[in-house]
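Colleague: I have a structure open and would like to go through its packing. Can you take my questions one at a time?

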Amino acid sequence: MDVEIDLYSGRRNPVFGLAPEAEADLMCRIATLPLAPPGAAPLQGLGYRGLRITNGPAANIAEIVVSGEVVVVRDRDGAERVLRDEGRAVEHWLADLAAASLEPTEASVLRRELRG
């Protein structure tokens, strides 16, 4: 599973891989999330916009976007589920995993962005 940190515009974003145990943990965390209220959407604009996960173990999932208090799961058949990530728990958990793979300045920017 590859996790892209959507941090830059016009520059390559950092990407790190999840270990199989972390992949399983992520899928369990997502499975427990409730549906988001209507109109909930990932962060937009310049700067940090969230984490984009691809190449997952579930054959039917094309992409997972973790952004703000929202997790969007896009299936390969075009179906989409928008889930609520209260307190940005999944996002913070992924950011903690990312810290070991990032350049110190990128890790600092990510921590600052998540603090709001």
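Colleague: How many residues are in the largest nonpolar core, and which have the most contacts inside it?
Modeller: This is a predicted model. Its largest nonpolar core has 29 residues, and I5, L26 and L94 have the most contacts inside it.

Colleague: Which elements supply at least two residues of this core?
Modeller: Those are the strands β1 (2-6), β3 (50-54), β4 (61-67) and β5 (70-75), along with the helices α1, α2 and α3.

Colleague: And which one gives the most?
Modeller: α2 does, with five residues.

Colleague: Back to L26. What does it touch?
Modeller: Leaving out residues up to four places away in sequence, L26 touches M1, L18, I53, V90, W93 and L94.

Colleague: Now the helices. At what angle do α1 and α2 cross?
Modeller: Helix α1 (residues 20-31) crosses α2 at roughly 170 degrees, and their axes come within 11 Å. Angles over 145 degrees count as roughly antiparallel, so α1 is roughly antiparallel to α2.

Colleague: Which residues meet there?
Modeller: From α1, A22, D25, L26 and R29; from α2, V90, W93, L94 and L97. By class, that contact has six nonpolar, two charged and no polar residues.

Colleague: How far apart are the axes of α2 and α3?
Modeller: The axes of α2 (residues 89-99) and α3 (residues 104-115) are 10 Å apart, and the helices pack at about 165 degrees. That makes α2 roughly antiparallel to α3.

Colleague: Which residues make that contact?
Modeller: E91, H92, A95, A98 and A99 of α2, with A107, L110, R111 and L114 of α3. They divide into six nonpolar, one polar and two charged.

Methods: Residues are numbered from 1 along each chain as its sequence is written. This is a predicted model: local features need pLDDT of at least 70, side-chain atom pairs count only at pLDDT 80 or more; totals for chains, interfaces and linings use all residues. Side-chain values use heavy atoms; hydrogens and water are left out. Axes are lines fitted to C-alpha atoms, for helices over the stretch in contact, and angles run from 0 to 180 degrees between N-to-C directions. Helices (H or I, at least four residues) and strands (E, at least two) are DSSP runs, numbered from the N terminus. Angles under 35 degrees count as roughly parallel, over 145 as roughly antiparallel, 65 to 115 as roughly perpendicular and the rest as oblique. Contact means heavy atoms within 4.5 Å. Ala, Val, Leu, Ile, Met, Phe, Trp, Tyr, Cys and Pro count as nonpolar, Asp, Glu, Lys and Arg as charged, and the others, Gly among them, as polar. A nonpolar core is a set of buried Ala, Val, Leu, Ile, Met, Phe, Trp, Tyr and Cys residues joined through side-chain atoms within 4.5 Å. Buried means under 20% relative accessible area, exposed over 50%, partly exposed in between (1.4 Å probe, protein chains only).
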